[in-house]
Amino acid sequence: MSKVTEINHPLILHKLSILRSEKTGSKEFRKLVEEISMLMAYEVTRDLSMEEVEVKTPICTTKCKVLAGKKMAVVPILRAGLGMVDGVVNIIPAAKIGHIGLYRDEETLQPVEYFCKLPQDIAERDVLVVDPMLATGGSSIDAITMLKKRGAKSLKLMCLVGAPEGIEAVKEAHPDVDIFLASIDEKLNEHGYIVPGLGDAGDRLFGTK
């Protein structure tokens, strides 16, 4: 079954509190999303496999640990997921980047696919799907399904804030995908928005309405 991890590091919680504020403008919002994503990626990658190599320092030869195993890919769910990419690749610069385009039908609240472009070797990579909001779970479920259909086998989902309803929906649809969040919020409201949430992440990132 999916493991759900709420990363409650003090720096993340502090930055998230500023992110939530309606007074925070787009420029600061974008920077905070990038910083929180970088801090979260540090925790999400904690279980990456390692191997031992010999390194010659200016003093002597020693054994050190380096990353081993599969390479990584970061796949943002457009458009809001774009705000999280730079934070992740800041600490995983070799990661390839795919893109999945989904939008939510405002009446049915269901995701609609309009774009999918992935690295050719997606099946050989550890894939980190990123989206600031995990609300109903529909977009994340569809994105993960699309990735699996295209060969991805090792996937994790990283979101800034999530509602219990969306978390449970993803766990049920994809029990093999672990979920990482900066905050598990209270609930969804009647419009499908996370409470207390942080508003529409896409609009706040890009200054649109």
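Pro196 sits in the loop between strand E13 (194-195) and H6, where helices (H or I, at least four residues) and strands (E, at least two) are DSSP runs numbered from the N terminus. The bond that joins Val195 and Pro196 is a cis peptide, with omega about 0°. Another cis peptide bond runs from Leu78 to Arg79, with omega near 0°, and Arg79 has its place in the loop between E4 and H3. The model is a predicted one, in which local features need pLDDT of at least 70 and side-chain atom pairs count only at pLDDT 80 or more, while totals for chains, interfaces and linings use all residues. Residues are numbered from 1 along each chain as its sequence is written, and side-chain values use heavy atoms, with hydrogens and water left out.

Now to the helix pairs. The axes of H2 and H3 come within 7 Å and cross at roughly 45°; axes here are lines fitted to C-alpha atoms, for helices over the stretch in contact, and angles run from 0 to 180 degrees between N-to-C directions. H2 and H3 are therefore oblique to each other (under 35 degrees counts as roughly parallel, over 145 as roughly antiparallel, 65 to 115 as roughly perpendicular and the rest as oblique). Contact, meaning heavy atoms within 4.5 Å, involves Val33, Glu34, Ser37, Met38, Ala41 and Tyr42 on the H2 side, and Gly83, Met84, Asp86, Gly87, Val88, Asn90 and Ile91 on the H3 side.

Helix H4 (residues 138-149) and helix H5 (residues 164-173) make another pair, with axes that come within 9 Å and cross at roughly 25°. H4 and H5 are therefore roughly parallel to each other. Ser140, Ile141 and Ile144 of H4 meet Ala169, Val170 and Ala173 of H5.

What about the interior? The largest nonpolar core has 35 residues, and Leu19, Ile36, Met40, Met158 and Leu198 touch the most other members. Such a core is a set of buried Ala, Val, Leu, Ile, Met, Phe, Trp, Tyr and Cys residues joined through side-chain atoms within 4.5 Å, and buried means under 20% relative accessible area (1.4 Å probe, protein chains only). Elements giving two or more residues to this core include helix H1 (10-20), strand E10 (154-162) and helix H6 (201-206). H2 provides the largest share of this core, seven residues. Apart from this core lies another, of 24 residues, among them Val127, Ala152, Ile167 and Ile179.

Note on methods:
Buried < 20%, exposed > 50% of the residue type's maximum accessible area, 1.4 Å probe, protein only.
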